[in-house]
Structure formats: C-alpha cells, structure tokens
Amino acid sequence: MQTTHKPVLWAVGDWNAFFGFGTNILVNMLTLTALLKYVLKLPDALTFGRILPAAGFMLFLSTMYYAWMAYQLAKKTGRNDVCALPSGISVPHMFVVVFVIMLPIGAASGDPVKGWEAGLAWVFVQSFVLMIGGFIAPFIRRVTPRVALLGALAGVSIAYISLRPALDMFMDPIVGVVCFAILLANWFGGVRYFKGMPAGLVAIIVGSVIAWGSLAMGFHIGGMSLSHLGDSFASFGFSIPIPALGHVFNGFDYLAVILVTAIPFGIYDLVEAMDNVESAEAGGDHYPTTRVLTADGIVSLIGCCLGNPFINAVYIGHPGWKAMGGRIGYSAATGVMILILSCFGILAFMMAIIPIVAISPILLYIGLLIGAQAFQETPRVHAPAVIVALIPQVAGWGKLQIDNALGAAGTNAAAVGMDKLANTGVIYQGLDILGSGAILVSLILAAITACIIDKAFHKASAFAFAGAVLTFFGFMHSQAIGVMKSPEVVIAYLIVTIFLFLCHKNAGLLAKSPVASVDG
C-alpha cells in the first residue's frame with residue numbers, strides 16, 4: 001500500500017557504497033577497456049569513441065532504473081533502509097564474449113571490427129533470452145530452495161569474484177594486502193578514518209601513494225608508469241553513443257557460432273539474476289524478479305544497438321552495499337560518474353593513475369559477504385548443500401585456468417592427452433563435465449541435497465529429473481547446446497530420479513510405522 005513517505009535520496013552511508021560500488025564498476029570498466037585495446041586490438045577511435053560511451057550510457061540507464069525501483073520500494077513500505085540493487089556489465093560474460101566470440105572471429109576474419117560486430121549480435125540474442133526468461137523466473141524462485149539459489153551465488157562469488165582479486169593482492173602485497181586491511185578494519189571492525197572518509201577512497205589513496213612513491217624511489221610496486229600516464233591524455237575528448245544497428249546485423253553472419261554460447265549464458269543470466277534478487281530479499285528488500293530480468297534485457301538491448309558488446313546484469317553484492325549504509329543515491333551517482341568517464345575519454349587516464357591492485361580488495365570483500373550469506377541466511381542443516389553448490393564453480397574455474405595455461409603454451413588438453421594429465425593428478429575430464437554450465441549444476445545439486453536433508457524426496461526427485469532434461473539438451477555438463485552431449489550423466493540423473501521417487505514412496509510407508517515414528 002502506497003504511503004506519503006518521502007524517501008531520502010542520499011544517506012550518509014551512500015558515500016561508502018558509492019566509493020565501494022563505484023570503484024567496483026570502475027575496475028570492471030578498466031578491465032574491459034584493456035581487453036578492447038590490448039587483446040582485441042580494436043582501434044582507439046572505436047574503443048573510446050563508440051564502445052565505451054555506449055557501455056557508459058547502458059550503465060547509466062541501469063543504475064538509474066534500479067535507484068528508481070529502490071525509491072518506489074522505500075515509498076511503498078515507508079522505510080529508509082531500502083538499498084538499490086547493484087548492476088553493471090556482467091564480468092563472466094565480459095571474458096566469454098571477448099575470448100570465445102570476438103577474438104576468434106576477429107582473428108579468423110583478419111578484421112577485429114568483425115569480432116566486435118559478432119559480439120553485438122551475441123548480446124542482441126542474449127537480451128531476448130533475458131526478457132523472455134523474466135516471465136518464468138518467479139515460478140523457478142518459488143519452487144527452488146533458497147540454499148540452492150544462494151549457494152550457486154556463493155560459488156560464483158568465490159570462483160569468479162574472490163579468487164582473482166586475492167591472487168592479484170598477493171602478487172603485489174605491499175599495495176594489495178595493506179589496502180585489504182584498510183577496508184576490513186572499517187567495514188568489519190568499525191574503525192573510522194579521518195573525518196569519516198570512506199574506506200574505499202582511503203584504500204585507493206593509500207594504494208596510489210605507495211605505488212607512485214615506490215616509482216619515485218626506483219621501484220615498481222603497483223605497476224605504475226609515467227609513459228602510460230602520458231599516453232593516456234591522447235584519449236581525452238567527448239563522444240556520445242550513436243546507433244550501430246548495421247553493425248549488429250552484420251554480426252548475424254556468425255549466428256551459428258553465437259548461439260552455442262548466447263543461449264546457455266542467457267540462461268546463466270536468468271539464474272544469476274534470480275540468485276541476486278533472492279540475495280536482496282534475504283537482506284530485507286523485495287524486488288519483482290520479472291521486472292529485474294526484463295530491465296536487464298531491455299537495457300542490454302539498448303546498449304547493444306548503440307555499439308556496446310557487453311551484457312548488463314544485476315550484480316552480486318546487495319547485502320554488502322546495504323551493510324555499508326548504501327541506500328538509493330549510491331546507484332544513481334555511480335551511473336552518472338561512469339557516463340562522464342566514458343563519454344569524455346577519462347578511463348584511459350584512470351587506468352594509468354590508479355593501481356588496479358588497490359581496487360581488487362573491494363571485490364574480495366564483496367565475495368566474502370556473498371559467500372557468508374549462503375550460510376547465514378539459510379537453515380544450518382542446509383550447510384552441506386552450500387558446499388555442494390561451491391564445487392561445480394571451483395571445477396569450472398580450475399578448468400579455465402588449465403585451458404588458459406595450455407593455450408599460452410600453444411597446446412590444449414586433448415593434444416597433451418587425458419591420460420597424461422590424469423597421471424599428474426589433473427582430472428581434466430571431470431573438471432570439464434562438472435564445471436560446464438556450473439551455475440545450473442550448482443543449483444540442481446544443491447536443491448537435490450537440500451530436499452533430501454528436508455526428507456522432501458519427491459521434490460528432490462523432481463530436481464534430479466530437471467537435471468536430466470537440462471543435461472540432455474546440453475545446458476549442463478556440456479560445453480555447447482546439443483542433444484545427448486553427456487549421455488552417461490543424463491542416465492545417472494534419471495536413475496537418481498527413480499531412486500528418490502522410490503524413497504518418497506518408502507518414506508510414506510515408514511511414516512505410518514511405529515518404528516519409523518520413533519526413529520524420526
């Protein structure tokens with residue numbers, strides 16, 4: 001019921017959340033800028049004149065929309081503690097579209113612009129998967145145990161959000177570990193800094209001082225360079241996003257390649273968005289799943305049509321920003337900041353002046369909170385289901401590391417030989433099967449485990465059957481969509497389906513027996 005309550009647009013805690021979330025988005029923007037410039041080798045005019053302004057505009061629309069949703073929720077409920085959903089460019093997708101779509105197609109065609117066009121078509125397809133999926137997501141949320149949604153999210157946070165920043169921190173510990181301690185002392189320990197300065201800002205300042213100070217003394221801590229700083233000024237200017245529909249449709253020449261990953265990752269987005277909405281609800285803020293997914297699809301489609309080859313997604317981390325005091329303003333302020341940085345070519349300068357390792361601890365902090373939430377916001381007896389949900393994500397991450405290492409050596413797992421890898425303790429095939437479609441695998445396995453713990457064997461049987469269907473069509477345990485890609489896994493899920501259904505029938509009989517009642 002609507003109230004006359006007028007929500008506060010900016011709270012004191014929004015400063016902390018703004019510097020935390022803003023630097024999170026900034027490091028992602030800096031990362032994708034490096035991918036466009038140094039990996040894909042796209043022309044600077046295209047990178048800074050078209051792609052980044054389009055990405056910035058998409059992020060501006062997304063963050064403003066979720067700030068508006070938070071305002072409406074706060075007005076409806078009369079609360080002042082409502083926190084906007086965080087959103088931005090999906091980090092896993094960033095690497096997938098670059099290394100699986102844009103880079104191979106650009107290399108094969110001899111024209112990196114062709115790779116960019118294929119990336120646009122990839123996002124175009126995914127946008128519609130998201131919009132259509134938004135209407136079935138509420139049903140999936142209702143029937144799926146919370147531990148399965150939060151557990152899958154925890155797996156993503158550990159494998160793809162926490163590990164890379166942690167590794168970066170210890171490769172450059174004088175900056176990374178010190179900045180991490182600064183953040184932990186404030187966000188977990190309650191330590192306040194000079195005049196209430198946000199911990200994220202303090203960490204960036206301290207990290208930058210250490211990095212540039214070491215350079216002045218002849219060291220290279222933090223990877224700073226005067227030559228890179230000088231080169232960054234060449235990117236200054238002003239650009240606005242312009243329509244790129246012709247380039248989008250040119251990318252459809254590679255539709256067969258695009259569909260192999262676009263549909264599975266669209267489903268990944270669907271599940272991840274549900275997880276993140278569930279995470280926000282566990283933190284006290286209820287947002288309609290359909291509206292969230294539809295918004296992600298529409299915003300991504302707009303960005304794509306303007307030249308941005310990266311998908312938008314609701315982010316992991318709502319509980320973290322809310323715990324910092326973030327409310328409505330931090331989301332809108334982040335969108336405005338990124339729009340300005342993107343349209344004025346300032347990102348290249350930011351890449352040159354701030355050590356990335358000073359920002360990495362913020363991502364690790366968010367990963368810690370999300371991993372903890374899976375245990376804190378679910379029944380204690382479901383803890384084994386959380387652990388089950390973590391394993392496929394770690395398997396997927398491990399396979400990715402092996403593939404990248406072998407690729408750098410000019411070879412691959414098949415060329416090396418599965419037996420040779422197995423003899424060294426690398427069970428590559430197991431990592432491949434378990435880690436493919438990891439977020440869906442995590443969700444299904446955690447749901448089965450939780451339902452068994454609850455002795456809801458009929459529900460566990462239904463989830464096992466869902467696992468069989470998803471695997472049959474290649475959405476799980478397979479690198480690509482297709483029929484019966486992993487037949488042994490399909491058969492295994494079907495046997496488990498029957499077994500759990502029989503357990504359900506047997507449990508019904510046992511419930512009527514005196515012995516079963518005493519044992520229960």
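Modeller: One caution before we start: the model is predicted. Ask away.

Biologist: Why is Val483 called exposed?

Modeller: Exposed means over 50% relative accessible area. Val483 has 56% relative accessibility, so Val483 counts as exposed. Val483 sits in the loop between helix 22 and helix 23.

Biologist: Why does Ile311 count as buried?

Modeller: The label buried applies under 20% relative accessible area. Ile311 is at 0% relative accessibility, and therefore counts as buried. Ile311 is found in the loop between helix 12 (289-305) and strand 2.

Biologist: What makes the pair Asp44 and Lys37 a salt bridge?

Modeller: The cut-off is a side-chain nitrogen of Lys or Arg within 4 Å of a carboxyl oxygen of Asp or Glu. For Asp44 and Lys37 the N to O distance is 2.9 Å, and their side chains meet in a salt bridge. The structure holds seven salt bridges.

Biologist: Which residues are linked with Arg79 in a network of salt bridges?

Modeller: Arg79 is linked with Asp81, Asp285 and Lys322 in that network. The closest N and O atoms of Arg79 and Asp81 are 2.8 Å apart. Between Arg79 and Asp285, the closest N and O atoms are 2.6 Å apart. Arg79 lies in the loop between helix 2 (44-77) and strand 1 (87-89), and Asp285 in the loop between helix 11 and helix 12, so this pair ties together parts that are 206 residues apart in sequence.

Biologist: Is Asp285 buried or exposed?

Modeller: Asp285 is at 0% relative accessibility, so Asp285 counts as buried. Arg79 has a relative accessible area of 23%, and is therefore partly exposed.

Biologist: Which residues form the nonpolar patch on the surface?

Modeller: The patch is formed by Phe465, Val469, Phe473, Val483, Met484, Ile491, Leu494 and Ile495, with about 700 Å² of accessible area together. Nonpolar side chains are joined within 5 Å, and each residue needs over 30% relative accessible area and no salt bridge. Helix 22 (457-472) and helix 23 (487-510) each supply at least two residues. Helix 23 gives the largest share, three residues.

Biologist: What makes a space a cavity?

Modeller: A 1.4 Å probe fits there but cannot get out. The structure holds one cavity of 30 Å³ or more, and about 30 Å³ of space lies in the largest cavity. Among the residues lining the largest cavity are Leu130, Asp269, Glu272 and Asn312. Its lining has four nonpolar, two polar and three charged residues, and helix 11 supplies the largest share, four residues.

Biologist: How many residues line the second largest pocket?

Modeller: The second largest pocket is lined by 22 residues, of which Ile136, Ile140, Leu270, Leu440 and Leu470 lie nearest its centre. They divide into 19 nonpolar, three polar and no charged. About 490 Å³ of space lies in the second largest pocket. Helix 22 gives the largest share of the lining, six residues.

Methods: Residues numbered from 1 in each chain as written. Predicted model: local features only at pLDDT ≥ 70, side-chain atom pairs only at ≥ 80, totals over all residues. Heavy atoms only, no water. Patch = residues over 30% accessible without salt bridge, like charges linked within 9 Å, V, L, I, M, F, W, Y side chains within 5 Å. Areas by Shrake-Rupley, 256 points an atom, 1.4 Å probe, with all protein chains shown as cover. Buried < 20%, exposed > 50% of the residue type's maximum accessible area, 1.4 Å probe, protein only. 1 Å grid on protein atoms, 1.4 Å probe; cavity = no way out; pocket = protein on both sides within 12 Å on 5 of 7 lines; lining within 4 Å. Points joined across faces, edges and corners; volume = space filled by probe spheres on them. Nonpolar A, V, L, I, M, F, W, Y, C, P; charged D, E, K, R; others polar.
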